[in-house]
Amino acid sequence: MSIKDYVRERFLPHIWCPGCGHGMVMNNMLRAMAELQINKNNVVMVTGIGCSSRISGYLDFHTLHTLHGRALAFATGLKLSRPELTVVVPMGDGDALAIGGNHFIHAARRNIGITAIIMNNSIYGMTGGQFSPSTGQGKKATTAPYGNITESFDIVALAKGAGASFIARTTTYHVASVKNLIKEAIGHKGFSVVEILSQCPTYFGRKNKIGDAVDMLTYYKDNTVAIGSPKKAENPALIEKGIFLREERPEYCSEYAKILEKAQNG
Amino acid sequence: MDKQKKTLFLQGNEVCVEAALYAGLDFYAGYPITPSTEIAELLAVRLPKKGGKFIQMEDEIASMCAVIGASLTGNKSMTATSGPGFSLKQEAIGYAVMAEVPCVVVNVQRGGPSTGLPTKVSQGDVMQARWGTHGDHSVIALTASNHQDLFHMTVEAFNLSETYRTPVILLFDEVVGHMRERLILPEPGEIPLVQRLRTSVKEGTDYHPYLPREDGRLPMSDFGGVHRYNVTGLVHDMWGFPSDDAKVAYGLIHHLVDKIENNVKAITKIKEYYLDDAECVLISYGSSARTARHMVENRRARGDRIGLLELQSLWPFPVQAVRERCEKARYVLVVEMNMGQILQEVKKAVKNPEKVFLANRIDGTFISPTDIRNVFRLIQGKGV
C-alpha cells in the first residue's frame, strides 16, 4: 500500500493553513500505516473538534468525527464493542486536555487499546487563536492579550500519572520519528499516547512573533533533545523527545474478555 | 395461557432491563445516578452473561458518547440516567440525532431543576426530552405507567430507534422506576423486534451512507465492515462529508425532522379508558396516569361521564389523536407532575384551549386522586 491509498482524494484539498504542521503529521501517520500494512477495513479513526480533528475526513478508514473533547469516549464504546479493530484518535491540545481532559485521563486509566495522537500546536486554531492548556506561561493569545498566566500541562507526566502504558513525544521537525513513534504506538497493546508538537504559524507563531513555519520548525529543532541527553541538565528548558514509557500491562478489552468468561461460566 | 408464562415481581428499573435484553441489547454505558442506578447495576450482572458489553464511564457525557460509538459497530446500545445526567447527555444526544445513530436513552425522571429532589418523583423533563439539545430536530420519546406497558415501551424504544435511526428517549419516572408490581414476561417472539436495516451495497461499490431511500430510511453499514465512510456532527452530504452548502443543509434538516414528523401516526401510542361518552377527558402519562385512572374508575362508578386518554408516546406529540379524543369533551384535565408541560401541547392541539385545565403536583409528592378531584370540583363550580 502506498500512502495515497489511505487518502480520500475527492475530499481534498484540506482546510489547514499554509505552513500548518498537521499535514506533516497526517503524512507520517499514513506512512506508519503503510509500513504496518494495515487493512483499511480494520482501522477506525475517531476525532473531536478542531483543526486536528478534520484529519479523519480526509482518510479512507472508518472515520468518526465527533464532539469537542469527546473522541476518546466515542472510541472507548467502539473499541469495547469490536476489540479487534485498530482505533486511532488524533486530537488537538485543547480537545485532548481542556474539554476532553477527563476522557483522556480515564482512557489512560483503563489502559484500553487505543492510540491517542495529540497534535499539540499550543493554541485553539479553529476558533482563531485562544490560549489552550499548553500555550505556556507568558505566551500571547487572543484571550491572553497580556500574556498567559498559567503553565502548560506536561502531557507526558499527565499520561503517565493517569496510567497510559506507552508514552512518546516528538515534533513535526523530526518527521521520521513521527512515523516511527506512531508505528510503535499502534503496535502497542494498551493505551498509547504520542504527543507531537505541531506548528501553528497563523495564530501561535504570529501572536508570539516566532516567525513563519520554517522558523517554528527551527525552534523545535533547537529546543528539543533526546530523552536522557546531558544537554537537558545544562538547560532544563529543553523539551525531551522519544519514548518515555513502554510497559506491558493488562489491557481493558482483554480483561473484559475474562469478565465475560467469568460471567458465563460462574 | 398466562399461567404458563413466567411471572415476576419487579421494580420498574428491573423491568426496563428485562425488556432491553429481550429487545437484543448488546451494549450499555452508564454513570451512577439516582433514581436510575439499578438499571446499570443489573446490566453489569446480566449483559456479560449473554456476551454483551457493560461499561461504567467517567461521566454522563462519556456514557452517551460510548453508546453512540458502540451502536456504529452494529450493536443495540443504551444508557440510562436521571436529572442532571440527562442535561449532561444532551450534547451527544444531538450528535446521535445529526449522525442518525440508533440508541436508547432512559431517563428515570426525578425532581429538578439542578440537583432538585433526587429521590422524589417528577415529570419535569418532558420538554427537555423534546428540546434539550440545540438546533432544529425531532425526537421520539415514550413513557409508561405500569410494568407491563414499560416492558412493551422499552422494546418499542429499541424498535423505533432502529426504524428511524434516531435516539429514542424512554421517559419514565421515579414512581414507575422504583415501584414493585407484577410483570408477565412476554415469550420470545411474542413482541416483534426490529433489526437494523443494513445496506445491500456490495464491497467496492460506492456506498452513500446518508442518501435516504424513497421511504426515508438509511440502510447502515457497520463500522469495521467493508464500507468505510465518514460520520460527523457537522452538516454533511450523502457521503457523510462536511458541507456548508445551503441546499445540503436544507435537505438534511428537513430529512431529520420529516422522517419523524411524517410518521406521527405510526409512532403514536395511546390508551383509552371510557372516552366514548366522556364529558370530561383526563389526559395523563407515566405514573400520574395511574392516579388519573383511579379517579376515572371511581367517578364512573358514581355515574360521572369521565374518561382517560393515556399517552405512551409524548414526542412527536400525538396532536391529531388528542384533538379527536377531546372534540366532544366539555372540559379537558391534564394530569401531570410538572408546571404544565404537556398542558401547553394539549392547548395547542384542541379546538378550544380555554376548556383545558391542569391538575398537577410539583413538590416531589406523588399526585393523589384528591389532587385531581379538587381541580375537577373547581371546574364544575363546586368548592374544594
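**Stop 1: two helices in chain A**

Start by selecting helix α3 (residues 71-81) and helix α5 (residues 101-110) of chain A, whose axes come within 8 Å and cross at roughly 35 degrees. Keep in mind as you look around that this is a predicted model. Now show the side chains where the two helices meet: L72(A), A73(A) and T76(A) come from α3(A), and H103(A), F104(A) and A107(A) come from α5(A). Sorted by class, this contact has 4 nonpolar and 2 polar residues, with no charged residues.

**Stop 2: a sheet that takes in both chains**

Next, colour the strands. Which strands form the open sheet, and in what order? Follow them across: β9(A)-β10(A)-β7(A)-β8(A)-β4(A)-β3(A)-β1(A)-β2(A)-β11(B), 9 strands with mixed pairing. Look at the two edges, where you will find β9 (224-226) of chain A and β11 of chain B. Each of these has a single partner strand, so one side of each is left without a neighbour in the sheet. If you view the strands face on, neighbouring ones are turned by 20 degrees against each other on average, direction ignored.

Zoom in on strand β7 (residues 166-171) and strand β8 (residues 192-197) of chain A, which run parallel and are joined by 6 bridges. Pick F166(A) and you will see S192(A) of β8(A) standing opposite.

**Stop 3: where the chains meet**

Strand β2 (residues 62-65) of chain A runs parallel to β11(B), and 3 bridges join them. Select L64(A) to find V231(B) in β11(B) opposite.

Now widen the view to the whole contact between the chains. How many residues of chain B are in contact with chain A? There are 34, and they meet 33 residues of chain A. On the chain B side, the elements that give two or more residues are β2 (27-30), α2 (37-49), β3 (53-56), α3 (60-72), α4 (83-99) and β11 (230-232). Highlight α3(B), which gives the most, with 9 residues. Colouring this side of chain B by class shows 20 nonpolar, 8 polar and 6 charged residues.

**Stop 4: a glycine in chain B**

Select G85(B), which lies in helix α4 of chain B. Is G85(B) buried or exposed? G85(B) is buried, because 25 other C-beta atoms lie within 10 Å, and the cut-off for buried is 20 or more. Leaving out residues up to four places away in sequence, G85(B) touches Y31(B), I33(B) and E60(B). Try the distance tool on G85(B) and P32(B): they are 53 residues apart along the chain, while their C-alpha atoms are separated by 9.1 Å.

**Stop 5: two domains of chain B**

Colour domain 1 (2-184) and domain 2 (272-379) of chain B separately. Their centres, taken over C-alpha atoms, are separated by 26 Å. Where they touch, 27 residues of domain 1 are in contact with 19 residues of domain 2. On the domain 1 side, α5(B) makes the largest share, 4 residues. By class, that side has 15 nonpolar, 8 polar and 4 charged residues.

While you are in chain B, find the hairpin of β6(B) and β7(B), with 5 residues between the strands. In its turn, S114(B) has a positive phi of about 55 degrees. The two strands run antiparallel with 2 bridges, and G111(B) stands opposite L117(B).

**Stop 6**

Finish with α11(B), where V322(B), R325(B) and C326(B) are buried. They cover an arc of only 90 degrees around the axis, so they lie on the same side of α11(B). These buried residues pack against β12 (270-273), β13, β14 (306-311), β16 and α12 of chain B.

That brings you to helix α12 (residues 341-349) of chain B, whose buried residues include Q341(B), L343(B) and V346(B). Among the elements that cover the buried residues of α12(B) are α5 and α11 (319-326) of chain B.

Notes:
Residues are numbered from 1 along each chain as its sequence is written. Chains are lettered from A and ligands numbered from 1 in the order in which they are written. This is a predicted model: local features need pLDDT of at least 70, side-chain atom pairs count only at pLDDT 80 or more; totals for chains, interfaces and linings use all residues. Two residues are in contact if their C-beta atoms, placed from the backbone, lie within 7 Å. Ala, Val, Leu, Ile, Met, Phe, Trp, Tyr, Cys and Pro count as nonpolar, Asp, Glu, Lys and Arg as charged, and the others, Gly among them, as polar. Two strands pair if DSSP finds at least two bridges between them. A residue is buried if 20 or more other C-beta atoms lie within 10 Å of its own, exposed if 12 or fewer, and partly exposed in between; C-beta atoms are placed from the backbone. Domain bounds come from an automatic or database domain assignment. Axes are lines fitted to C-alpha atoms, for helices over the stretch in contact, and angles run from 0 to 180 degrees between N-to-C directions. The arc is that of the directions from the helix axis to the C-beta atoms.
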